[in-house]
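Subject: Structure handover

Hi,

Here is the structure for your files. My notes on what turned up follow below it.

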Amino acid sequence: MAINYDKYLYSTGTHYISNSGSDENGGTHGGKAGDQTGKEWQLKPWYKRPWTVVLRYPDQTVALKIAELGIAAALNNAIGYDQYQRATYWTQLKAAGYDPSKITTPCEEDCTAGVTANVRACGYIFGIPALQALDTSGTRSSNMRSRFVKAGFKALTASKYLNSGKYLFPGDILLYENHHAATNVTCGTAVRDEWHPGKITPTVYELGDRDLKKGDSGPDVKELQEDLKSLGYDFPHYGCDGDFGSETETNVKGFQRVSGLEPTGVFDHKSYEALLSVMGGYVLITGNSVNVRSGPSKECKSLGVVHKGDKLPFGGLINEENGWYMVDYQLANGWVSPKYSELVEGKA
């Protein structure tokens, strides 16, 4: 069948995704092979699932093909939904030369098996071993992120990617972990001037777009380092160089502790939200020699002494009774008196 892909890729009205979610009976298995309703695998308007991550392949030519395969599969009613027969789509896709529009034997998939089969097919179309190696049968919504990232996809977690289609490229994979997956089809209205199939466009991350861990690098790492430094964290050896090394990992753990998060050293979305909430300031020491105490009182144990001009990361709490500030001190929560310090708004 001839398909007008541009109708869906560059739609000026509906923002389409390629989505499968149930069989003809509204269940997960037990129906007939193929799509009896036209809705087992369909093109439908973008909706908020909610999505927890968007998986993006950096080569836009490959991403375009992922989107086209998603369109073709959704329009072919030989392809239906059944979790118990989820591998039969891949079998027929291979037999059809990796073109879903040419499948004539009724077959089944489910949301993750269908998406993975199409991405895997692109591995054979473009000769990309990492995509060819994706496990069609074993990939689930619970492990799709890790498997796709290992295969070369980038994980985007900023809210702008999750809450609308405006910033999505064709071929982006929408994932609601432990629940659902779908393929974005339409190029978002806010990024159409950034969509250039035919060449590899490196993904430039803003802080919050992805989880950051040791070994990562880029402008978002540098921004994280600068933000942490503005809150009083020290980078004595390497500075804010944009490389996530041991020094950055230690500071992230310290920030997580003072924010009440598990100190994993991975700057995830919860850490990003915590950073946004405390970027309102740091505590500037104004006294000559000031005790940092274990609680908001001079009767509490001294954890150490800081000096005039020192900047301590603000812990986000001010004691209602006496105005003492919670701070991060030596990777632990401490308190300083407002008599000898002041809360400074904004970055250092």
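In which loop is Asn178 found? Asn178 sits in the loop between strand S7 (173–176) and strand S8 (180–184). Helices (H or I, at least four residues) and strands (E, at least two) are DSSP runs, numbered from the N terminus. Asn178 is not a glycine, yet its phi is positive, about 75 degrees. Asn178 is exposed, with a relative accessible area of 56%. Exposed means over 50% relative accessible area, buried under 20%, with a 1.4 Å probe and protein chains only.

Ground rules: this is a predicted model, where local features need pLDDT of at least 70, side-chain atom pairs count only at pLDDT 80 or more, and totals for chains, interfaces and linings use all residues. Residues are numbered from 1 along each chain as its sequence is written, and side-chain values use heavy atoms, with hydrogens and water left out.

Other backbone points:
- Arg49 and Pro50 are joined by a cis peptide bond, with omega about 15 degrees. Pro50 lies in the loop between strand S2 (41–45) and strand S3 (53–56).
- Tyr98, a residue other than glycine, has a positive phi near 65 degrees. Tyr98 belongs to the loop between helix H3 (88–95) and strand S5 (107–109).
- Gly97 follows H3 and has a positive phi, near 70 degrees.

For background, most residues other than glycine have a negative phi, and most peptide bonds are trans.

Now H3 itself. Its buried residues are Tyr89, Trp90 and Leu93. Seen down the axis of H3, they fall within an arc of 95 degrees, so they line one face of the helix. The arc is taken from the directions from the helix axis to the C-beta atoms. These buried residues pack against S2, H2, strand S4 (79–81), S5 and H4. Contact here means heavy atoms within 4.5 Å.

Next, the packing. A nonpolar core is a set of buried Ala, Val, Leu, Ile, Met, Phe, Trp, Tyr and Cys residues joined through side-chain atoms within 4.5 Å. The largest has 49 residues, of which Leu55, Tyr89, Leu131, Phe148 and Phe153 touch the most other members. H2 gives the most to this core, with 10 residues. Another core lies apart from it, with 18 residues, among them Leu231, Phe244, Phe267 and Val278.

Leu55 is worth a look in your viewer. Leaving out residues up to four places away in sequence, its contacts include Met144, Phe148, Phe153, Ile173 and Leu175.

Best wishes
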